[in-house]
Protein chains: 2
Amino acid sequence: MDNDDYRQRVIAAADRLYYTKGFSAVGMDQLRDAAGISLRRLYQLFPSKNDVVTAVLQNRRKIWADGLTEYMDAAPTPRGKLLAVYDFLADWFCEDDFRGCGFINAFAELGAVNSEIAAIAREHKMSFQRHMARLVAEIGAAPSLAHHLMLLAEGAQTTAALTGDPSAAHHARQAAEILIDTALAKEHPNTNGEDAETHLANHG
Amino acid sequence: MDNDDYRQRVIAAADRLYYTKGFSAVGMDQLRDAAGISLRRLYQLFPSKNDVVTAVLQNRRKIWADGLTEYMDAAPTPRGKLLAVYDFLADWFCEDDFRGCGFINAFAELGAVNSEIAAIAREHKMSFQRHMARLVAEIGAAPSLAHHLMLLAEGAQTTAALTGDPSAAHHARQAAEILIDTALAKEHPNTNGEDAETHLANHG
DNA sequence: CCCGAGTGAGAACGATCGTTCTCACTTGAG
DNA sequence: CTCAAGTGAGAACGATCGTTCTCACTCGGG
């Protein structure tokens with residue numbers, strides 16, 4: 001077992017602890033116990049707690065992007081890919097330990113004091129935003145639609161976390177369908193909305 | 001100057017400090033300095049830091065509700081009241097020290113460990129939700145519209161906080177207009193959309 | 001005046017945090 | 001084998017936290 005394996009073990013344990021309890025609520029001793037590693041090796045892998053936190057967030061960025069991409073790839077059409085975002089969220093919200101978006105949580109807890117963490121959270125959101133904008137451009141809708149869909153996804157995450165109700169993803173999907181179809185109807189006014197309506201009926 | 005004045009002074013100072021730096025990042029000593037009060041009196045007003053935090057959140061609940069109500073009352077129609085939410089957010093986002101929704105931040109930082117704070121944050125969101133649902137019922141739209149509009153407002157708050165871009169409120173308003181008008185067109189299909197369209201043009 | 005209750009300023013306390021150090025032990029090279 | 005380098009387990013350190021205590025002082029009622 002080499003250093004990279006140990007790093008990944010620490011990151012996995014830290015991610016779970018930080019996400020479920022908050023960053024400042026989890027000390028290095030607790031992380032050592034959870035990762036099954038000595039404090040000495042922990043500090044030679046990560047010179048400070050802040051390095052653990054940033055590594056955890058960078059790791060989570062990749063996991064989140066991969067998970068989302070997986071859902072999107074399963075959808076055949078650009079419209080379906082956009083709506084797959086909310087299916088991805090729906091499944092996520094149903095997980096037992098769901099506690100909101102880890103980046104929003106990190107920003108809320110540490111963003112004001114630690115600009116590096118604020119930057120990581122911001123970069124995560126902006127890459128999601130770019131992803132949405134690309135798909136919106138593909139279906140030929142106005143760029144503002146990407147903002148609208150992003151707001152729904154963000155709102156669903158915080159609402160599901162606070163209320164504990166996973167149906168926020170379902171509501172976000174409903175609204176997204178309306179916004180997408182309205183945007184498409186505005187850009188292609190000659191085609192009637194029949195296709196969109198049947199598509200909507202199949203999923204909703 | 002009686003005890004209530006002191007209490008209010010502490011709450012005001014604590015609110016600013018907690019909101020801009022986070023809860024665990026602000027100690028009681030710092031709060032004492034900011035409030036201009038002795039540690040002794042501080043602890044006889046609030047037996048523990050947790051009491052300060054909950055008092056701050058309860059206070060912020062009232063301030064938030066009053067501010068929103070003010071914006072809503074200025075709008076003549078129920079539709080205008082619903083859209084006033086996003087004007088309220090827009091002005092809020094432009095404040096210098098805006099750092100997202102204080103309740104989401106509190107939930108993110110302390111909600112996992114402190115169930116009392118989680119409950120306050122949840123209650124705040126649900127009272128906002130009820131407020132929206134009442135107005136949606138007034139304009140005769142489907143209840144799901146209230147969920148959609150709430151998601152937009154929530155998403156705007158986190159997006160504006162993370163990206164630092166106040167235009168999230170503007171985008172949320174755009175999307176809200178589309179969703180409201182679509183919902184109204186579905187509930188009253190005999191009236192054409194002209195009224196809604198001109199209203200939209202006046203505001204957007 | 002006296003006296004007791006309450007106050008401000010801040011030291012002190014115990015807990016906990018992030019981080020480093022100690023020390024006995026392992027291990028691979030010579 | 002010997003020895004140097006690295007490790008695990010955990011004590012130790014300094015800082016900081018929330019909270020309490022000390023002590024000199026104020027001040028209103030007798």
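The charged end of B:Arg60 sits over the ring of B:Tyr19, 4.2 Å from its centre. A charge counts as over a ring if NZ of Lys or CZ of Arg is within 6 Å of the ring centre and within 35 degrees of the ring normal. A:Arg99 also lies over a ring face, that of B:Phe107, at 5.7 Å from the ring centre. The model is predicted: local features need pLDDT of at least 70, side-chain atom pairs count only at pLDDT 80 or more, and totals for chains, interfaces and linings use all residues. Residues are numbered from 1 along each chain as its sequence is written, chains are lettered from A and ligands numbered from 1 in the order in which they are written, and side-chain values use heavy atoms, with hydrogens and water left out.

Over all chains, the structure holds 18 aromatic pairs. One of them joins A:Trp92 and A:Phe93; the ring centres are 6.0 Å apart and the planes stand at 40°, so the pair is tilted. Rings of Phe, Tyr and Trp (its six-membered ring) pair if their centres lie within 6.5 Å; planes under 30 degrees apart count as stacked, over 60 as edge-to-face and the rest as tilted. A:Trp92 is buried at a relative accessible area of 10%. A:Phe93 is buried too, at 5%. Buried means under 20% relative accessible area, exposed over 50%, and partly exposed in between (1.4 Å probe, protein chains only).

B:Trp64 and B:Phe128 form an edge-to-face pair, with 5.3 Å centre to centre and 85° between the planes. B:Trp64 lies in helix α4 (residues 49-74) of chain B and B:Phe128 in helix α7 (residues 115-138) of chain B, so the pair ties together parts that are 64 residues apart in sequence. Helices (H or I, at least four residues) and strands (E, at least two) are DSSP runs, numbered from the N terminus. B:Trp64 has a relative accessible area of 8% and is buried. B:Phe128 is buried at 3%. In chain A, ring pairs link A:Trp64, A:Tyr71, A:Phe88, A:Trp92, A:Phe93, A:Phe98 and A:Phe128 into a cluster.

The largest nonpolar core has 142 residues. Such a core is a set of buried Ala, Val, Leu, Ile, Met, Phe, Trp, Tyr and Cys residues joined through side-chain atoms within 4.5 Å. The residues with the most contacts inside the largest core are A:Tyr86, A:Leu89, B:Tyr86 and B:Leu89. Leaving aside neighbours within four places in sequence, B:Leu89 is in contact with B:Trp64, B:Ala153, B:Ala156, B:Gln157 and B:Ala169. Contact means heavy atoms within 4.5 Å.

B:Ile180 is found in helix α9 (residues 167-187) of chain B. Its relative accessibility is 0%, so B:Ile180 counts as buried. Beyond neighbours within four places in sequence, B:Ile180 is in contact with B:Arg79, B:Leu82, B:Leu83, B:Ile139, B:Leu145 and B:Leu149.

Chain A has 10 helices and 0 strands. Its C-alpha atoms fill a box of roughly 70 × 35 × 30 Å, taken along the principal axes. Of its 204 residues, 50% count as buried. Among contacts in chain A with a separation of 6 or more, 68% come from residues 24 or more positions apart. Chain A exposes about 9200 Å², and carbon and sulfur atoms supply 51% of that area. Accessible areas come from the Shrake-Rupley method with a 1.4 Å probe; for residues, only the protein chains shown count as cover.

A:Ala12 has its place in helix α1 (residues 3-21) of chain A. A:Ala12 is partly exposed, with a relative accessible area of 41%. A:Ala12 and A:Asn59 are 47 residues apart in sequence and 8.8 Å apart in space, C-alpha to C-alpha. A:Lys81 is found in helix α5 (residues 78-93) of chain A. The C-alpha atoms of A:Lys81 and A:Arg16, 65 residues apart along the chain, are separated by 29 Å. Leaving aside neighbours within four places in sequence, A:Lys81 is in contact with A:Met72, A:Asp73, A:Ala75, A:Pro76 and A:Leu135.

The contact between the chains takes 38 residues from chain A and 38 residues from chain B. The area buried between chain A and chain B is about 3300 Å², of which carbon and sulfur atoms give 72%. A:Phe107, A:Leu151 and A:Leu162 supply 21% of the area that chain A buries against chain B, more than any other three residues. Buried area is the accessible area (1.4 Å probe) that two parts lose on being put together, summed over both.
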